[in-house]
Amino acid sequence: MLVSAKDMLQKAKAGKYAVGQFNINNLEWTKAILLTAQEMNSPVILGVSEGAGKYMAGYKTVVGMVNGMIEELGITVPVALHLDHGSYEACYKCIEAGFSSVMFDGSHYPIDENVAKTTELVKVCNEKGLSLEAEVGAIGGEEDGVIGTGECADPDECKMIADLGVTMLAAGIGNIHGKYPANWKGLSFETLDAVQQKTGDMPLVLHGGTGIPEDMIKKAISLGVAKINVNTECQLSFAAATRAYIEAGKDLSGKGFDPRKILAPGFEAIKATVKEKMELFGSVNKA
(Lines give C-alpha, C1' and ligand atoms only; values in the text may rest on other atoms or scores of the structure.)
Protein backbone atom coordinates (compact mmCIF):
# COMPACT_ATOMS: atom_id res chain seq x y z
CA MET A 1 0.00 0.00 0.00
CA LEU A 2 1.36 3.40 -0.98
CA VAL A 3 1.84 5.94 1.80
CA SER A 4 2.43 9.66 2.08
CA ALA A 5 6.07 10.65 2.48
CA LYS A 6 5.24 12.86 5.48
CA ASP A 7 5.94 10.45 8.33
CA MET A 8 9.09 8.95 6.81
CA LEU A 9 10.59 12.40 6.19
CA GLN A 10 9.72 13.80 9.61
CA LYS A 11 11.40 10.77 11.17
CA ALA A 12 14.40 11.21 8.87
CA LYS A 13 14.88 14.86 9.77
CA ALA A 14 14.58 14.13 13.50
CA GLY A 15 16.95 11.16 13.17
CA LYS A 16 19.55 12.99 11.05
CA TYR A 17 19.33 10.67 8.04
CA ALA A 18 17.75 11.00 4.60
CA VAL A 19 15.27 8.93 2.61
CA GLY A 20 16.25 8.27 -0.98
CA GLN A 21 14.01 9.16 -3.87
CA PHE A 22 14.92 6.93 -6.79
CA ASN A 23 13.30 7.76 -10.10
CA ILE A 24 11.68 4.91 -11.99
CA ASN A 25 11.59 4.55 -15.76
CA ASN A 26 10.39 1.01 -16.37
CA LEU A 27 9.41 -2.27 -14.71
CA GLU A 28 12.99 -3.39 -14.07
CA TRP A 29 13.92 -0.18 -12.25
CA THR A 30 10.78 -0.29 -10.12
CA LYS A 31 11.25 -3.92 -9.15
CA ALA A 32 14.95 -3.44 -8.35
CA ILE A 33 14.30 -0.43 -6.11
CA LEU A 34 11.42 -2.04 -4.23
CA LEU A 35 13.34 -5.27 -3.59
CA THR A 36 16.39 -3.36 -2.39
CA ALA A 37 14.31 -1.20 -0.05
CA GLN A 38 12.80 -4.36 1.43
CA GLU A 39 16.21 -6.01 1.75
CA MET A 40 17.67 -2.93 3.46
CA ASN A 41 14.55 -2.36 5.59
CA SER A 42 14.51 1.22 4.34
CA PRO A 43 11.63 3.54 3.50
CA VAL A 44 11.75 4.62 -0.12
CA ILE A 45 10.27 7.18 -2.48
CA LEU A 46 9.69 6.25 -6.11
CA GLY A 47 10.01 9.36 -8.27
CA VAL A 48 8.22 9.74 -11.59
CA SER A 49 8.94 12.64 -13.92
CA GLU A 50 6.27 13.79 -16.35
CA GLY A 51 8.33 12.37 -19.22
CA ALA A 52 8.71 8.99 -17.52
CA GLY A 53 4.99 8.94 -16.78
CA LYS A 54 4.22 9.40 -20.47
CA TYR A 55 6.79 6.76 -21.43
CA MET A 56 5.19 4.23 -19.08
CA ALA A 57 1.76 4.80 -20.70
CA GLY A 58 0.38 7.26 -18.18
CA TYR A 59 0.13 7.86 -14.45
CA LYS A 60 -2.64 5.30 -13.89
CA THR A 61 -0.45 2.63 -15.47
CA VAL A 62 2.40 3.57 -13.13
CA VAL A 63 0.13 3.39 -10.07
CA GLY A 64 -1.17 -0.01 -11.15
CA MET A 65 2.34 -1.37 -11.73
CA VAL A 66 3.69 -0.13 -8.40
CA ASN A 67 0.70 -1.26 -6.36
CA GLY A 68 0.80 -4.65 -8.06
CA MET A 69 4.50 -5.09 -7.30
CA ILE A 70 4.09 -4.08 -3.67
CA GLU A 71 1.49 -6.81 -3.27
CA GLU A 72 3.10 -9.52 -5.38
CA LEU A 73 6.63 -9.00 -4.01
CA GLY A 74 5.46 -8.78 -0.40
CA ILE A 75 6.89 -5.29 0.15
CA THR A 76 6.25 -4.16 3.72
CA VAL A 77 8.53 -1.09 4.02
CA PRO A 78 6.92 2.35 3.54
CA VAL A 79 6.72 3.29 -0.16
CA ALA A 80 5.65 6.68 -1.50
CA LEU A 81 4.93 7.22 -5.20
CA HIS A 82 5.93 10.79 -5.98
CA LEU A 83 5.58 13.08 -8.99
CA ASP A 84 8.97 14.68 -9.61
CA HIS A 85 9.19 18.29 -10.87
CA GLY A 86 5.52 18.37 -11.70
CA SER A 87 3.63 21.17 -13.35
CA TYR A 88 0.48 22.49 -11.69
CA GLU A 89 -1.66 20.48 -14.12
CA ALA A 90 0.37 17.29 -13.75
CA CYS A 91 -0.03 17.41 -9.96
CA TYR A 92 -3.80 17.15 -10.32
CA LYS A 93 -3.49 14.32 -12.85
CA CYS A 94 -1.26 12.34 -10.48
CA ILE A 95 -3.54 13.00 -7.51
CA GLU A 96 -6.45 11.66 -9.54
CA ALA A 97 -4.41 8.64 -10.70
CA GLY A 98 -3.57 7.55 -7.14
CA PHE A 99 -0.09 8.91 -6.42
CA SER A 100 0.60 9.29 -2.70
CA SER A 101 2.87 12.33 -3.07
CA VAL A 102 3.44 15.12 -5.59
CA MET A 103 5.99 17.83 -6.23
CA PHE A 104 4.86 21.14 -7.61
CA ASP A 105 7.83 22.85 -9.22
CA GLY A 106 6.80 26.50 -9.12
CA SER A 107 10.38 27.77 -9.02
CA HIS A 108 10.09 29.34 -12.49
CA TYR A 109 7.09 31.44 -11.48
CA PRO A 110 7.27 34.80 -9.71
CA ILE A 111 7.16 34.10 -5.98
CA ASP A 112 3.56 35.41 -5.63
CA GLU A 113 2.31 32.98 -8.28
CA ASN A 114 4.34 30.15 -6.77
CA VAL A 115 2.68 30.91 -3.42
CA ALA A 116 -0.82 31.06 -4.92
CA LYS A 117 -0.56 27.77 -6.79
CA THR A 118 1.16 26.02 -3.89
CA THR A 119 -1.59 27.23 -1.53
CA GLU A 120 -4.23 25.53 -3.67
CA LEU A 121 -2.28 22.27 -3.81
CA VAL A 122 -1.70 22.29 -0.05
CA LYS A 123 -5.45 22.35 0.45
CA VAL A 124 -6.09 19.48 -1.98
CA CYS A 125 -3.24 17.31 -0.65
CA ASN A 126 -4.29 17.84 2.96
CA GLU A 127 -7.84 16.77 2.12
CA LYS A 128 -6.58 13.58 0.51
CA GLY A 129 -3.75 12.80 2.96
CA LEU A 130 -0.99 13.21 0.39
CA SER A 131 2.44 14.75 0.83
CA LEU A 132 3.46 17.80 -1.17
CA GLU A 133 6.92 19.03 -2.13
CA ALA A 134 7.51 22.61 -3.26
CA GLU A 135 10.57 24.24 -4.77
CA VAL A 136 12.25 27.63 -4.41
CA GLY A 137 15.31 28.49 -6.50
CA ALA A 138 15.65 26.45 -9.68
CA ILE A 139 17.86 23.36 -9.62
CA GLY A 140 20.62 23.59 -12.22
CA GLY A 141 21.13 21.33 -15.22
CA GLU A 142 18.53 19.38 -17.18
CA GLU A 143 16.44 16.39 -16.22
CA ASP A 144 13.87 14.97 -18.60
CA GLY A 145 13.38 18.31 -20.32
CA VAL A 146 13.21 20.34 -17.09
CA ILE A 147 16.00 22.92 -17.19
CA GLY A 148 17.22 25.03 -14.30
CA THR A 149 19.98 27.60 -14.05
CA GLY A 150 21.17 26.55 -10.61
CA GLU A 151 20.04 29.45 -8.45
CA CYS A 152 20.55 29.63 -4.73
CA ALA A 153 17.19 30.04 -3.06
CA ASP A 154 16.17 33.11 -1.08
CA PRO A 155 15.71 31.93 2.54
CA ASP A 156 12.86 34.42 3.07
CA GLU A 157 11.01 33.05 0.03
CA CYS A 158 11.62 29.54 1.35
CA LYS A 159 9.91 30.55 4.59
CA MET A 160 6.96 31.94 2.64
CA ILE A 161 6.44 28.60 0.90
CA ALA A 162 7.14 26.49 4.00
CA ASP A 163 4.60 28.46 6.01
CA LEU A 164 1.88 27.43 3.55
CA GLY A 165 1.98 23.94 5.05
CA VAL A 166 3.88 21.94 2.43
CA THR A 167 5.37 18.63 3.57
CA MET A 168 8.89 19.22 2.26
CA LEU A 169 10.85 21.91 0.53
CA ALA A 170 13.42 21.74 -2.24
CA ALA A 171 15.72 24.74 -2.06
CA GLY A 172 18.35 25.45 -4.70
CA ILE A 173 21.78 25.48 -3.05
CA GLY A 174 24.04 25.17 -6.09
CA ASN A 175 22.99 21.58 -6.86
CA ILE A 176 22.31 20.47 -10.44
CA HIS A 177 20.71 17.60 -12.30
CA GLY A 178 22.88 15.26 -14.33
CA LYS A 179 26.67 15.05 -14.15
CA TYR A 180 28.49 17.76 -12.22
CA PRO A 181 31.07 19.68 -14.28
CA ALA A 182 34.71 19.80 -13.24
CA ASN A 183 34.42 23.49 -12.33
CA TRP A 184 31.38 23.00 -10.05
CA LYS A 185 31.72 25.19 -6.98
CA GLY A 186 29.98 22.77 -4.61
CA LEU A 187 26.91 23.13 -2.42
CA SER A 188 26.21 26.42 -0.68
CA PHE A 189 25.97 25.30 2.93
CA GLU A 190 25.58 28.92 3.97
CA THR A 191 22.33 29.03 1.97
CA LEU A 192 21.20 25.66 3.30
CA ASP A 193 21.84 26.67 6.90
CA ALA A 194 19.95 29.93 6.40
CA VAL A 195 17.01 28.07 4.85
CA GLN A 196 16.86 25.63 7.76
CA GLN A 197 16.95 28.49 10.26
CA LYS A 198 13.94 30.03 8.51
CA THR A 199 11.95 26.81 8.02
CA GLY A 200 12.54 25.00 11.32
CA ASP A 201 11.42 21.37 11.32
CA MET A 202 10.49 21.36 7.64
CA PRO A 203 12.22 18.40 5.90
CA LEU A 204 14.46 19.78 3.15
CA VAL A 205 15.11 18.09 -0.19
CA LEU A 206 18.38 17.81 -2.12
CA HIS A 207 17.91 17.28 -5.84
CA GLY A 208 20.76 16.14 -8.08
CA GLY A 209 22.15 13.58 -5.62
CA THR A 210 24.36 11.97 -8.26
CA GLY A 211 27.98 13.03 -8.07
CA ILE A 212 27.86 15.05 -4.86
CA PRO A 213 30.83 14.01 -2.67
CA GLU A 214 29.98 11.90 0.37
CA ASP A 215 31.19 14.52 2.83
CA MET A 216 28.85 17.09 1.28
CA ILE A 217 25.95 14.64 1.39
CA LYS A 218 26.52 14.03 5.09
CA LYS A 219 26.88 17.73 5.88
CA ALA A 220 23.67 18.48 3.98
CA ILE A 221 21.84 15.87 6.05
CA SER A 222 23.20 17.44 9.25
CA LEU A 223 21.71 20.76 8.07
CA GLY A 224 18.18 19.48 7.60
CA VAL A 225 18.11 17.55 4.32
CA ALA A 226 15.80 14.57 4.81
CA LYS A 227 15.19 13.52 1.18
CA ILE A 228 17.82 13.08 -1.54
CA ASN A 229 16.94 12.45 -5.18
CA VAL A 230 18.95 10.04 -7.32
CA ASN A 231 18.31 9.46 -11.00
CA THR A 232 21.37 10.00 -13.20
CA GLU A 233 23.52 7.52 -11.28
CA CYS A 234 20.89 4.82 -11.81
CA GLN A 235 20.70 5.69 -15.50
CA LEU A 236 24.46 5.42 -15.87
CA SER A 237 24.79 2.12 -14.00
CA PHE A 238 21.83 0.56 -15.82
CA ALA A 239 23.14 1.63 -19.24
CA ALA A 240 26.70 0.51 -18.55
CA ALA A 241 25.70 -2.95 -17.34
CA THR A 242 23.30 -3.49 -20.23
CA ARG A 243 25.84 -2.29 -22.80
CA ALA A 244 28.56 -4.56 -21.39
CA TYR A 245 26.26 -7.57 -21.57
CA ILE A 246 25.34 -6.92 -25.20
CA GLU A 247 28.91 -6.15 -26.27
CA ALA A 248 30.09 -9.39 -24.68
CA GLY A 249 27.84 -11.22 -27.13
CA LYS A 250 26.10 -13.30 -24.49
CA ASP A 251 22.80 -15.09 -25.03
CA LEU A 252 23.40 -15.35 -28.77
CA SER A 253 21.26 -17.95 -30.47
CA GLY A 254 19.39 -18.49 -33.66
CA LYS A 255 16.37 -16.89 -32.01
CA GLY A 256 18.23 -13.74 -31.03
CA PHE A 257 18.44 -12.10 -27.62
CA ASP A 258 16.11 -12.80 -24.74
CA PRO A 259 15.14 -9.27 -23.52
CA ARG A 260 14.78 -10.51 -19.95
CA LYS A 261 18.40 -11.67 -19.98
CA ILE A 262 19.59 -8.47 -21.64
CA LEU A 263 18.04 -6.37 -18.87
CA ALA A 264 19.12 -8.59 -15.98
CA PRO A 265 22.60 -7.02 -15.54
CA GLY A 266 21.04 -3.55 -15.51
CA PHE A 267 18.54 -4.72 -12.92
CA GLU A 268 21.36 -5.87 -10.65
CA ALA A 269 23.27 -2.63 -11.27
CA ILE A 270 20.27 -0.60 -10.11
CA LYS A 271 20.02 -2.71 -6.95
CA ALA A 272 23.69 -2.13 -6.18
CA THR A 273 23.40 1.63 -6.75
CA VAL A 274 20.30 1.94 -4.57
CA LYS A 275 21.87 -0.13 -1.79
CA GLU A 276 25.00 2.06 -1.81
CA LYS A 277 22.93 5.24 -1.60
CA MET A 278 20.69 3.97 1.17
CA GLU A 279 23.75 3.13 3.22
CA LEU A 280 25.23 6.59 2.56
CA PHE A 281 21.96 8.35 3.42
CA GLY A 282 21.61 6.36 6.65
CA SER A 283 18.10 5.06 5.94
CA VAL A 284 18.96 1.36 6.40
CA ASN A 285 16.79 -0.29 9.07
CA LYS A 286 14.71 2.84 9.47
CA ALA A 287 11.48 1.41 8.02
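These notebook entries record what I looked up in the structure.

**Basis.** I worked with a predicted model, in which local features need pLDDT of at least 70, side-chain atom pairs count only at pLDDT 80 or more, and totals for chains, interfaces and linings use all residues. Residues are numbered from 1 along each chain as its sequence is written, and side-chain values use heavy atoms, with hydrogens and water left out.

**Entry 1: helix H11.** I took helices (H or I, at least four residues) and strands (E, at least two) as DSSP runs numbered from the N terminus. H11 covers residues 259-281 and spans 33 Å from its first C-alpha to its last, close to the expected 33 Å. The expected span is 1.5 Å times one less than the number of residues. I noted a kink of about 25° centred on Pro265; the bend is the angle between axes fitted to the seven residues ending at a residue and the seven starting there.

I then listed the buried residues (under 20% relative accessible area with a 1.4 Å probe, protein chains only; exposed is over 50%, partly exposed in between). In H11 they include Ile262, Phe267, Ile270, Lys271, Lys277 and Phe281. Their cover includes strands E1 (19-23), E2 (44-49) and E10 (225-230) and helices H2 (27-40), H9 (214-222) and H10 (232-247). Gly282 follows H11 with a positive phi, near 85°.

**Entry 2: helix H10.** H10 has 16 residues and reaches 22 Å between its first and last C-alpha, close to the 22 Å expected. Among its buried residues are Cys234, Phe238, Ala241 and Tyr245. The buried residues of H10 pack against E1, H2, E10 and H11, where contact means heavy atoms within 4.5 Å. After H10 comes Gly249, whose phi is positive, near 75°.

Entry 3: I counted 2 cavities of 30 Å³ or more. A cavity is a set of points, on a 1 Å grid over the protein atoms alone, where a 1.4 Å probe fits but cannot get out; lining residues have an atom within 4 Å of a point.

**Entry 4: Val115.** Val115 lies in helix H6 (residues 111-128) and is buried, at 17% relative accessible area. Leaving out residues up to four places away in sequence, Val115 touches Met160, Ile161 and Leu164.

Note on methods:
1 Å grid on protein atoms, 1.4 Å probe; cavity = no way out; pocket = protein on both sides within 12 Å on 5 of 7 lines; lining within 4 Å. Points joined across faces, edges and corners; volume = space filled by probe spheres on them.
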